[in-house]
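Colleague: I would like a close look at a single part here. Please start with the overall count and then go into detail.

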Amino acid sequence: MAKILLEMKNITKTFPGVKALDNVNLQVEEGEIHALVGENGAGKSTLMNVLSGIYPYGTYEGDIIYDGEVCNFNTIKDSEEKGIVIIHQELALVPYMTIGENMFLGNERGKKGAIDWNETYAEADKYLKMVGLSESSRTLVKELGTGKQQMVEIAKALAKHAKLLILDEPTSSLNESDSKALLDLMLKFKKEGMTSIIISHKLNEVAYVADKITVVRDGSTIETLDKHTTEISEDRIIKGMVGRELTDRFPKRHDVKIGDINMEVDNWTVYHPLYPERKVVDNVSLNVRKGEVVGIYGLMGAGRTELAMSVFGHAYGTGISGTLKLDGKEVHLKNIKDAIKHKIAYVTEDRKGNGLVLSNSIKINTTLANLDSISPNKIVDPDKEYQVAVEYKEKLKTKTPSVEQKVGNLSGGNQQKVLLAKWMFADPDVLILDEPTRGIDVGAKYEIYCIINDLVAAGKSVIMISSELPEVLGMSDRIYIMNEGRFVGELNAEEATQEIIMSNILKSGEGA
Amino acid sequence: MEKSKISSFLQKYMMVIALILIMGFFYILTGGKILYPQNVNNLISQNAYVFILAVGMLLCILTGGNIDLSVGSVVCFTGGIGALMMSKGVNMWIAVIVMLVIGLLIGMFQGFWVAYIKVPPFIATLAGMYGFRGLSNVVLNGLTIGVNDETFLKVFGGGAECYVPDFIGSGEGLNLTCIVIGVIGILIFIGLEIKNRVNSKMRGYETKPFINELLWILVISAVAFWLTFKLANHKGIPTALIWIALVVLIYGYITTKTRTGRYLYAVGGNEKATSLSGINTKKVYFIAYSNMGFLAALAGIIVLARMTNAAPTYGQGYEMDAIGACFIGGASAYGGVGTVGGTIIGALLMGVITQGMVIAGIDANYQPVVKGLVLLLAVIFDVLSKKEKK
């Protein structure tokens, strides 16, 4: 058996209110490619952040043993000195700097504060060659495509004398041929003795490069599969990823009559606003009936938010095509105001960034999307406004001493309720809830589910976007599965299981 | 009181306390001269432009810490046009309307670039600052043009008779008109507060504890009466105060009671959330900057009247006084937070410091130094108190 290069022992990391990692163990042998797989939020990235010193020593429990010694990393610099280099999912290159400048950013070549540019570019060219790029290191990074930028990231890691390379979703923004090139590069490095850890959602890629696969679920390592001793099939991995019991975490919905189709979207295609050649939503069709909860499940970056926002008065994207029918009649929504007028509401996934005005009170936030209804002659009626705010506070059981409280002072769950109140007050027929329970505790989640049930009981239609499988299964009447901008499956609640949904997604990735 | 209550009280009234302390300091330093009726009167007349510009600036700052650097130049430019028109014998009311319209158009011009083309406000208004300064020179031909239209000076508080005439009293001794107006104002204030409280009680809303409400009414009434008395002792109400009061009341109402006001705070607090609530955020920026141009023209009128002439150098640094007043008054440099009341306190604070130093005979070169320090301290306090909360 080869030497163990890295061992992470009993790692536990808690954030206020959540245990992100619970007694995680990971062993990586020298010279292997080790894959970490798991659902969104399973704790893969957290684990790598612990390893690289982003969460400094002392903020977690457990030991990191690297190259035979126990390591206490306080900063990324500490771990990089040992040769552990992490490449994050989002590219971290400065577009208006040259490749060479980027590669040695924070690691400049030269003496006594003066940068030796000749050495910088000569070194940079050397590393570029190693990753198979023929560009000059004096090229500006913005001139490169994302595939080549990813290669520059790897060259940058090599320039730091990496012995253990960690790649977090390296192919998530790459097309197929770029992905293939990257994976082949990893295999080439492996032959030269490099050890790598790859985090990926794409099981076909994992199966292609990895020697061992560790499955992470709900903050714990479930199992490690060894390619050389066991047959690794995708179904086998999926089973490890989702194998949990659905418990009674969802309130029952009683006798809700599902009525006519309320909203129908046909052949909806959306392009990226900054890169108009990139298709973000690809020919999607969906419908939702009165009294129905429709779930849209997909991993992050599948295009769910983009789909929802583009339907919501073209709040996202360019070159939008397709038809939108409300109550059987085709409508063209010009802007968000128009969408609200046509009784559509979009409750954002990012309540702090896009949803609430944190410096304002609950009262002011509650009425913001429908201020016109309480401000005849453009002057806000303070009595009505107060009554509305109190009414929704009581209806949604928002825990706060007063509706004059600043939203920024509330807990996540209560903020979410204020956000829901705001959109319920806008009186929509169709509510699109984007990750309605992200980052809130179990109790508050249950209350949000109850609110959703009340909404459909009142004849509203709810589209719930979520990346939590149990939630989608527990709440939806019907489920659409989305991957890479397309719908890859539609299931009724009765027939859907976690395994079916996951394999739908993962297998669709291969065909592309 | 609990500790948290004390700290929240301090935070809320910090600048009021600072104002009182600084006034006390200068009271001792100048042997009480700073509170002579004449000086209280001057404080208002001299700083009228700061109050008006600061209120306009507040609306811009609310939208996200955006400032308007051009206001000093716009004050000079509109003043120059007014002076030129009146010197050519144009009716003063027409001149006033033309000045206000030009101010509004300038505001709309800059607002268009800021709101719809997304030119950073700093740059758009820096361009305006140069441009309208230059145009002022062009209009005035580099000269000083005097204004001697009696009505204009009287209405906008310039020249020797920059006070509201005493209709009731004899004009000798205590100014009775001033006292009467002051008392009526105080009674209206008390009436409104009581009506508000009764209304809130009846509908079951939260109200301040009775003792706080009583203290609030007493303190405000006392300060207002004291001010009335001081003013009445020296020729009565400065005309400029009427204009300041109008601006404060109207914009206080707009910012707290209207949809437009609500949108200003919302855009500054979270532009994305506001836009996703179906609100036209571009229009909000446009309104803030258009309004700034309008108020700059009003300030231009007041300055023209006070100086009784227009010169190409007028208005220099006014934008900084206005911006400083807003930030000292508690407006957030990131937008979304700030009140008209706070801004007025901020403007007063700067005015008191300047005047106190002049009366105390301190070298004029130190005035900007002290102003700068006060601004820095106010913002440091603001930043620290926010950090604490987190």
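This is a predicted model: local features need pLDDT of at least 70, side-chain atom pairs count only at pLDDT 80 or more; totals for chains, interfaces and linings use all residues.

How many salt bridges does the structure hold over all chains?

Modeller: Residues are numbered from 1 along each chain, chains are lettered from A and ligands numbered from 1 as written, and side-chain values use heavy atoms without hydrogens or water.

Over all chains there are 34 salt bridges (Lys or Arg side-chain nitrogen within 4 Å of an Asp or Glu carboxyl oxygen). One joins A:Lys343 to A:Asp427, with the closest N and O atoms 3.1 Å apart. This pair links distant parts of chain A, 84 residues apart. A:Lys343 sits in the loop between helix 10 (336–341) and strand 18 (344–347). A:Asp427 sits in the loop between helix 14 (412–425) and strand 19 (430–434). Helices are DSSP runs of at least four residues, strands of at least two.

Now chain B. The axes of helix 2 (residues 37–62) and helix 8 (residues 210–232) come within 8 Å and cross at roughly 105°. The two helices are therefore roughly perpendicular (65 to 115 degrees). Helix 2 brings B:Pro37, B:Val40, B:Asn41 and B:Ile44 to the contact (heavy atoms within 4.5 Å). Helix 8 brings B:Leu227, B:Lys230 and B:Leu231. Five of these residues are nonpolar, one is polar and one is charged.

How values were computed
Axes are lines fitted to C-alpha atoms, for helices over the stretch in contact, and angles run from 0 to 180 degrees between N-to-C directions. Angles under 35 degrees count as roughly parallel, over 145 as roughly antiparallel, 65 to 115 as roughly perpendicular and the rest as oblique. Ala, Val, Leu, Ile, Met, Phe, Trp, Tyr, Cys and Pro count as nonpolar, Asp, Glu, Lys and Arg as charged, and the others, Gly among them, as polar.
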